[in-house]
Every structure is written in C-alpha cells, then in structure tokens.
Amino acid sequence: MDWLFSFPHMDDASLRDLKKAIDEGFRGFTRAYGDGLEAIFEPLQHFLIWSERFMTQTPWPIILLLIAAVAWFASRNWKIVAGTVVTLLLIGYFDMWDDTMKTVSMIFVCTVLSIVVGIPIGIAMSRSDRVQNIVNPVLDVMQTMPSFVYLIPVVMLLGIGKVPGLIAVVIYAIPPMIRLTNLGIRLVDKDVLEAADAFGSSNWQKLKNVQMPLALPTIMAGTNQTIMMALAMVVIASMIGVQGLGQPVLKAISNQYFTLGIFNGLAIVGIAIIFDRVSQAFGARLQKHREVVHG
Amino acid sequence: MKELFASTCLAAAMLTFGNAAQAANCGDVTIASMNWQSAEVLASLDKFILNEGYGCNAEIIQGDTVPTITSMTEKGQPDIAPEGWVDLLPDVVNAGVANGKLVVASTVLTDGAVQGWWMPKYLADAHPDVKTIDDVLKHPELFPDPEDKSKGAIHNGPQGWGGTVVTSQLYKAYGGEAANFTLVDTGSAAGLDGSIAKAYERKEGWVGYYWAPTALLGKYDMVKLDYGVPYDAAEWKRCNTVADCPDPKKNEWPKDTVQTLVTKAFSERAGEDVMGYLNKRAWSNDTVNKLMAWMTDNQASGDDGAKHFLEENEAMWKEWVSPEAAEKIKAAL
C-alpha cells in the first residue's frame, strides 16, 4: 500500500541525472553563446548607460525643467506640472535625487522598449486566433514565474547590472501592453470595420486609421499599467545590481532602517504618480484631439 | 521563527534523549546539525562514524548556532555541536567552559572560516605578480567593469551583510576609487554567485567579496588576496567594521574560529575513544569546499555527502579513529 501514500515518482537517480543534464546543458550554452548574446545586447546597454548618464550628470535644474516641460506638453494642465515639480523638489531635498534619476532613466527605457515590442505583438495577436492561442500562455508564464527563477540564468548569460535588470523588468511589465493592445483592437465595432471595408480600405489603412485610433483608450491603459508594473519591479531589479531607488530599499529591509525604507518607498510612489498622471492626461488629450478631427 | 522551530526541536530531543544514555560506552548521542551545508555534512559524518565505528546510537537534531549552544550550556543537550561558530557568541562559550558545562574539542575547520577578497585561480596563474589587494588595484584592466570598460570593478556583497560593510571600508582604505575601480553592489547572494559563475564559465576577470567554506568555492577555484598588512584588532573594531567611519585603514580580515563543542556530561560518559575522535577530527576548507561542490552538483543530502567523503578520503579519516573503529566503518561502507 506504500504507493498509495507516497506519490509514485521518478526514481531519485534518474531525476538527479535529468537535473544535472539540464544544468550542464545550460552551462555549456553559456560558455558557447554567452559572448555572442552579450554582443547582441551591447547597443541596449549603451543606450541604458547613456540615458543614465544624461539623467544624473546634467545639472539638476535643467532636468527638473525638462521633466516639467514634458509634463506640460503631455498634459497641458498646470496642476499636474506643479505637482510634478513639487514632488521632485521634495525627493531632491531628502537626498534621493541621484537614485531617483537612475530609476526614472531605467523605467523610461523599459517602458519605451515594452511599447515598441508590445504593440506589434498585440496587433499580431488581434489578427490571428492562432497567434493569440500561442502568445497567451507565454504571457501567463511571464507574469507568474517567480523572477529569480529566470534571473539567475540571465545573470549567468549577461552578468549582473542594467541589461539583466531591464530584461527582468520588461518580462514582467510587457504583458499588460500586449494583452490590452490585443483586446482594444478586438473590441473595435464590427460595423465600423465593415464601413471601412465598404470604402475600400486596405488592411494597413484599416489598422492605422480605424482600429488603432478606436483602440487607443485601451492601449493607453496598457501603457499606464506597464509603467506601474515596471516601477513595482525596481526592488527586484536592484537585487541583481541595478542601481536606483531599489538599493536603499533593500538596505533598509536588511538593516531594519524604517525611515530609509519609507523615504525611498515614497519616492518610488511619487514618481509612479507623476508617470501615471502625465501619461493619463496625455492619453485623454490624444483622444480629445481625435474626436475633434472626426467630429 | 527559525529559532523558535530550532528550540522546539531541541526541547523535543531533550525529552526523548535527556534521561537515556547512561549505558556503557557512548549510548544515545544527539548531534546538532545546523541549517547550512558544511555543518549538515559534518553532523552526518559524526553520526555515521559514531554509529558504525563506536556502536553509539547517534541522532541528528536540527538547530541554529545561538539556540543550540545556549541549550548546551543551560540544559546539557544536545551532546555535540560539530560546527560551533564560537566567535559569534564568545560570552556564552567562555562562560560554559568556565562553569564546567562545555568542553571544546577539535578546531574542526583548521583554516577557520575565511572571508575576504577573492579572484579566480586561472587569473592568478596567468598573472603571478597579482597577489595582494594593492596588486589588484594596480590592474583595473584585468577586472573590467561591465558597464564601463575603462574601469575596474570590485564586486561587493548585498546590503545588510557584515562582509559588505567591511568590503566598502577596505575599498576606501586601499584607495579603490583613486585606482580607477568602482565598487559594484551585486544586490543579493544570488547576484553575487551569478556574477562569479558567469565570469568563471567564460574565464573573465573577477574580484570581490566571498567566504569559505562554501560550495561555490569548491566548484570554482578561487584565490584569496593578501592584505599586505598584519591584523590590527583595535582598528578593525574602531573603523573597518563600522559603516559610517570616515577614515578606515588597511587591515587584514580576521578568521572566525569554528570548533566542535561537546557537553561536559557527554565528554565524561563517552569514553576516551569517542573523545579522541572528536578531538582529532578536523578538515581544511579546501576539503569541505570540494565536498560541498560535489553535494551541490549531485543535489546530495548530508548523509550522501558523508558517505562520499568516507569513500574518497580514507587516508584522512583513518587518522581520526582507532584502528578497530576504522575496520568497522570500512565494513559498513
């Protein structure tokens, strides 16, 4: 009756051999292709380093003005601009400017990358059920797999630092972008598409002039979620050597420095709110603009 | 929580074994296994040798350093702590020895537990002139920072470790910044291990904080750097271990003493043979590193590790035990 109470499992020796074989295989892969893969990611790393240097080495008043200007052009709302400036001044006053700029630079690159990669995948998913059936489980894995499970192999391949951090953040942050692009396009009214067909639109025209504009509110929600999830990954990314606000948070956790933890945690919340309000306002303005054209 | 669990285990073990074991020879013995690999395999080894070689009835119980040693001085249980990090609680150990509750047996890790700055062996072989921290700081090109190839990188441990603070202070003391080196925060134990594994698999330059005995150092051969100065205990306490201290000086990283602790009661009833074994049994970090690397590679338990050690290192353990016991152990394998 023994088999009833302990689940019949693969015998220990073969299980160990299997694990060893996979580990060895991965190590062999690292040795053989690690350098090549690193070379592929080199431009990305340069971009990340350049972006961080720009944010940290430019005099702070210029960066502050720049961020305020971006906030103004995106939102055209002086309240949002004032809130942004005050938040940044407070962050700077509490001596978190450098770390915050490093985090902003990282989040910015991650968000751009997620949008650039995510939207085409979302479009492809919306056009074919087969693609959707393949991509959906992949997205499930990306969202639920504990980060450290794939971070250690990534560190073995690319070393510690910005690029593995970027990969970790993008893996976690890109699914809402893809899912909501897909959903937005699929939710476009069939009658509208029929009308576009009747006017003789090509597929590209339909996508560019009908589906994307109508899906825009959903896509903007996706962008917003992507930014928020990227910020949530800041602390995890700092566990593989990404600099920024995550490191003081880790330090605070391991030393029980409550104040340090709360300050840096609030700084993360602060920039999250800035990113959120500015991108929301931009999205809203974008749609208003479209309505005027159609109206 | 872990400590609570450990003390619960201890309490349970005491109920079970506390009153037994007045029999001739050694009878029932409790051996404390700690929750890290080297202590686990050592406890398994002691259990195997005592059971097979000396006819004891040894049992392993789980514990952690502080609750185990405290319980040994207060309650006289468990009987043996094979890997006691006595520097962690010198007061308890000294008081225990003074009051006749504890007996210190062998210094089981002959090299002590070593922390410091390490570099890969292949690099040391290729550049035999690089031996000390000062030598390393002369060659930033050998240890390139992945994010800025013009600089060298020293890999630090994660925030919150004692070793991380010391590494930062040594970086200051040896003038790392002036030597064009950056201090890389690896963020976590996994990040630190990963950076070593990556460098090693591709034979790249690496220098940074690590410690022995560990499975990683068994798998990847590393060389510890010299400090170029003798150990200065007062300076060490004043500045090298204090995170905010502004003017650290060059200093050597002291070793932690790791000894086998035995309760006085057990040492009296166990007999000369058993105590002779416990007084002699000791191994170098190199041996432990290799053994742990084998265990990690084979995902082996402490018992498997102990058996593997006994099979592979007969010459070493024969020195520790009496000839009759050696025969019995050999037969049991």
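Of the 295 residues of chain A, 36% count as buried. The model is predicted.

Me: In chain A, what percentage of the contacts with a separation of 6 or more comes from residues 24 or more positions apart?
Reply: Take the contacts in chain A with a separation of 6 or more. Keep those between residues 24 or more positions apart. Their share is 76%.

Me: Are α2(A) and α7(A) roughly parallel or roughly perpendicular to each other?
Reply: Helix α2 spans residues 12-57 of chain A, and helix α7 spans residues 147-158. Their axes are 7 Å apart, at an angle of about 70 degrees. Angles of 65 to 115 degrees count as roughly perpendicular. The two helices are therefore roughly perpendicular.

Me: Which residues of α7(A) meet α2(A)?
Reply: The α2(A) side consists of A:F26, A:T30, A:G34, A:L37, A:E38 and A:F41. By class, the contact of α2(A) with α7(A) has seven nonpolar, two polar and one charged. On the α7(A) side the residues are A:P153, A:M156, A:L157 and A:L158.

Me: How many residues of helix α12 of chain A are buried?
Reply: The helix covers residues 246-255. Its buried residues are A:G246, A:Q247, A:P248, A:V249, A:L250, A:K251 and A:A252. Just after α12(A), A:Q256 takes a positive phi of about 55 degrees. The helix is mostly covered, with buried residues numbering seven of ten.

Me: Which element gives the largest share of the side of chain A that touches chain B?
Reply: The contact takes 26 residues from chain A and 21 residues from chain B. On the chain A side, α2, α7 and α12 each give two or more residues. That side divides into nine nonpolar, nine polar and eight charged residues. The largest share, nine residues, comes from α2(A).

Me: Which residues does B:M119 touch, not counting residues up to four places away in sequence?
Reply: Leave out residues up to four places away in sequence. What remains is B:A124, B:V136, B:W206, B:V207, B:M222, B:V223 and B:L225.

Me: Which element gives the largest share of the side of domain 1 of chain B that touches domain 2 of chain B?
Reply: The C-alpha centres of the two domains lie 33 Å apart. In their contact, 13 residues of domain 1 meet eight of domain 2. On the domain 1 side, α2 and α13 (285-298) of chain B each supply at least two residues. The largest share, nine residues, comes from α13(B).

Me: How many nonpolar, polar and charged residues does that side of domain 1 of chain B have?
Reply: The side in question is the one that touches domain 2 of chain B. Its residues divide by class into six nonpolar, five polar and two charged.

How values were computed. Residues are numbered from 1 along each chain as its sequence is written. Chains are lettered from A and ligands numbered from 1 in the order in which they are written. This is a predicted model: local features need pLDDT of at least 70, side-chain atom pairs count only at pLDDT 80 or more; totals for chains, interfaces and linings use all residues. Axes are lines fitted to C-alpha atoms, for helices over the stretch in contact, and angles run from 0 to 180 degrees between N-to-C directions. Helices (H or I, at least four residues) and strands (E, at least two) are DSSP runs, numbered from the N terminus. Angles under 35 degrees count as roughly parallel, over 145 as roughly antiparallel, 65 to 115 as roughly perpendicular and the rest as oblique. Two residues are in contact if their C-beta atoms, placed from the backbone, lie within 7 Å. Ala, Val, Leu, Ile, Met, Phe, Trp, Tyr, Cys and Pro count as nonpolar, Asp, Glu, Lys and Arg as charged, and the others, Gly among them, as polar. A residue is buried if 20 or more other C-beta atoms lie within 10 Å of its own, exposed if 12 or fewer, and partly exposed in between; C-beta atoms are placed from the backbone. Domain bounds come from an automatic or database domain assignment.
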